[in-house]
Amino acid sequence: MVLYVAACALLDSDGRILMCERPEGKAHAGLWEFPGGKIEEGERPEQTIVRELREELGVEPCERCLQPFSFVSHAYEEFDLFMPLYLCRQWDGFARSNEGQRLKWVFPDSILDLDLVPADIPLAQELRDRLPKGRRFEK
């Protein structure tokens, strides 16, 4: 079975990426991931990202501002995952945890210091390699 998921790298004005920690009770609890979620029937990936970021983080991304960046195809034991990753530099609101997960802003050159969900690792490597280098400190 293939599970289709869409994810987003929210980039702030300092070039940091917002990462979310998987909450207790979910698969891969305690690991870090890009925000996003399952693509529902009849939904485009961009619509999924807008819906998920609104639900999870209380932000309203600009759908037409979502920039396709890369994708990953990852085989988990229970299913195969296909996940496009989009970049988003414009949204309304302030990111906050609506589902009890911890949030962290990280620079691309330190993103791999996080304990990431397996499917997100190759995407994080691409972000690190392709985005401008940031400072090593985090707010």
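Analyst: Glu126 forms a salt bridge with Arg130, and their closest N and O atoms are 2.6 Å apart. A salt bridge here is a side-chain nitrogen of Lys or Arg within 4 Å of a carboxyl oxygen of Asp or Glu. Please keep in mind that this is a predicted model, in which local features need pLDDT of at least 70 and side-chain atom pairs count only at pLDDT 80 or more, while totals for chains, interfaces and linings use all residues. Residues are numbered from 1 along each chain as its sequence is written, and side-chain values use heavy atoms, with hydrogens and water left out.

User: Where do Glu126 and Arg130 lie, and by how much of a helix are they separated?

Analyst: Both belong to helix α2 (residues 121–130); because they are 4 residues apart there, about one helical turn separates them. Helices (H or I, at least four residues) and strands (E, at least two) are DSSP runs, numbered from the N terminus.

User: How many salt bridges does the whole structure have?

Analyst: In general, side chains of opposite charge can pair when their charged atoms come close. A search of the whole structure finds 13 salt bridges. In one of them, the side chains of Glu63 and Arg44 meet at 2.7 Å, N to O. Glu63 lies in the loop between β5 (60–61) and β6 (67–75) and Arg44 in the loop between β4 (36–38) and α1 (45–57), so this pair ties together parts that are 19 residues apart in sequence. Glu63, at 30% relative accessibility, is partly exposed, and Arg44, at 40%, is partly exposed as well. Another salt bridge joins the side chains of Asp129 and Arg128 (2.8 Å, N to O).

User: Which ring does Arg130 lie over?

Analyst: A charge sits over a ring if NZ of Lys or CZ of Arg is within 6 Å of the ring centre and within 35 degrees of the ring normal. Arg130 lies over the face of Phe69, at 4.1 Å from the ring centre. Likewise, the charged end of Lys104 sits over the ring of Trp32, 5.8 Å from its centre.

User: How should I read a strand such as β2?

Analyst: In a regular strand the side chains alternate between the two faces of the sheet. In β2, Ile17, Met19 and Glu21 on one side and Leu18 and Cys20 on the other are all buried, which leaves both faces covered. Two strands pair if DSSP finds at least two bridges between them. β2 runs antiparallel to strand β9 (residues 103–106), with 4 bridges joining them, and Ile17 has Val106 as its bridge partner in β9. β2 is also antiparallel to strand β3 (residues 32–33), through 2 bridges; there Cys20 has Glu33 as its partner.

User: Which residues touch the most other members of the largest nonpolar core?

Analyst: A nonpolar core is a set of buried Ala, Val, Leu, Ile, Met, Phe, Trp, Tyr and Cys residues joined through side-chain atoms within 4.5 Å. The largest has 27 residues, and Ile17, Met19, Phe34, Met83, Leu85, Ile111 and Leu127 touch the most other members. At least two of its residues come from each of β1 (2–10), β2 (17–21), β6, β7 and α2. Apart from it lies another core of 12 residues, including Cys8 and Leu57.

Conventions
Buried < 20%, exposed > 50% of the residue type's maximum accessible area, 1.4 Å probe, protein only.
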